[in-house]
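Work through these exercises with the model open beside you. Try each task before you read its solution.

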Amino acid sequence: MRVGPKGAEKPAALDDSGTLRDLSALTPEIDGALLGNPVALAGIARALSFGDLPALDAGQRIGAPIARPGKVIGVGLNYSDHAAAIGAAIPESPVVFLKPGTTVSGPYDAIELPRGSRATDHEVELGVVLGQRLRDCADPATALGAVGGYVTANDVTERSGIAGEPTWVKGKSYDTFTPIGPWLVTPDEVGEPHALSLQLWVNGERRQSGSTGDMVVGVGEVLAYLSSLMTLEPGDLVLTGTPAGVAISKPEPKPYLRDGDVVVVEVAGLGRQQTLATGVRG
């Protein structure tokens, strides 16, 4: 975890008793350099097991569990029920888009609706954080072994920025459009990444409910494919797709996010985030 004021977060971790521990003496950041260093990770695990790290105030702000990633890579239409619900065909190969690192925000930070927004939508997703460099990997099992951790993610999307556009960049790039966390959970704690439930509620109403087992292309296959397009570096974040239930698939008037809406997102074992949509629609 990373806790503290925005821009001044401290590296932290939860020990087995649920106590929040300060990792500042062991690492300056939770980032790709740490996730790509198995010796450092083992040292943190040992220190947590001994329980001799300083405790932190559990009431302070929780930031994104990784420092700003070098790349945020999204995969679209990777759940068949989502594609069917919005009237899209399953693509022959994964649909890939990029989001700026500036979209990443904490699990309880506000989602800032962009000026003039008409169709801001929610997408619960399994986020995958790279722990090893991956380039042109043809083996999904090897690619899966490059995972450094998993996070709960919300791939917020301004649909009016996508409609009729040749790419999805306009609708995906606003600040705060990738809330992640509260935790980064290492693969040994997660186990099988294709058996995790995904849930999303808006103002207490369940909007999305699915399972990572319903992905069209699994995590290892996604990473292997992406590595054939670009080099994946430790700390990079991959958003693996969303199940059915997004606002665009609903009858009119479509329930897009509005000022004051409370969005709760959860991936089993990876924690629950709660964000408030803020801003005045034009």
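A salt bridge is a side-chain nitrogen of Lys or Arg within 4 Å of a carboxyl oxygen of Asp or Glu. The model is predicted, so local features need pLDDT of at least 70 and side-chain atom pairs count only at pLDDT 80 or more, while totals for chains, interfaces and linings use all residues. Residues are numbered from 1 along each chain as its sequence is written, and side-chain values use heavy atoms, with hydrogens and water left out.

**Exercise 1. Salt bridges**

Task: Which residue meets arginine 272 in a salt bridge? Then classify both partners by accessibility.

Solution: 
- Step 1. The partner is glutamate 266, with an N to O distance of 3.2 Å.
- Step 2. Recall the classes: buried is under 20% relative accessible area, exposed is over 50%, and partly exposed lies in between (1.4 Å probe, protein chains only).
- Step 3. Arginine 272 has 42% relative accessibility, so it counts as partly exposed. Glutamate 266 has 25%, so it is partly exposed too.

**Exercise 2. A link across the chain**

Task: How many residues separate glutamate 9 and arginine 61? Say where each one sits.

Solution: 
- Step 1. The two form a salt bridge, and their closest N and O atoms are 3.0 Å apart.
- Step 2. They are 52 residues apart, so the pair links distant parts of the chain.
- Step 3. Helices (H or I, at least four residues) and strands (E, at least two) are DSSP runs, numbered from the N terminus. Glutamate 9 lies in the loop between strand 1 (2-3) and strand 2 (10-14). Arginine 61 lies in the loop between helix 2 (38-50) and strand 4.
- Step 4. Glutamate 9 is buried at 14% relative accessible area, whereas arginine 61 is partly exposed at 24%.

**Exercise 3. The open sheet**

Task: Which strands stand at the edges of the open sheet?

Solution: 
- Step 1. Write down the order of the 5 strands: 5-4-15-9-10, with mixed pairing.
- Step 2. Two strands pair if DSSP finds at least two bridges between them. Strand 5 (95-99) and strand 10 (147-154) each have a single partner strand, so they stand at the edges and one side of each has no neighbour in the sheet.
- Step 3. From one strand to the next, the twist averages 25°.
- Step 4. Check a pair. Strand 9 (residues 124-130) and strand 15 (residues 237-239) run antiparallel, joined by 3 bridges. Glycine 127 has leucine 239 as its bridge partner in strand 15.

**Exercise 4. Backbone exceptions**

Task: Is threonine 176 buried or exposed?

Solution: 
- Step 1. Most residues other than glycine have a negative phi, and most peptide bonds are trans.
- Step 2. Threonine 176 has a positive phi of about 75°. Its place is the loop between helix 5 (169-172) and strand 12.
- Step 3. At 7% relative accessibility, threonine 176 counts as buried.
- Step 4. Aspartate 136 also has a positive phi, near 50°. Aspartate 136 is exposed, at 55%.
- Step 5. The peptide bond from glycine 181 to proline 182 is cis, with omega near 25°. Another cis bond joins glutamate 252 and proline 253, with omega about -10°.

Key:
Axes fitted to C-alpha atoms, helices over the stretch in contact; angles between N-to-C directions.
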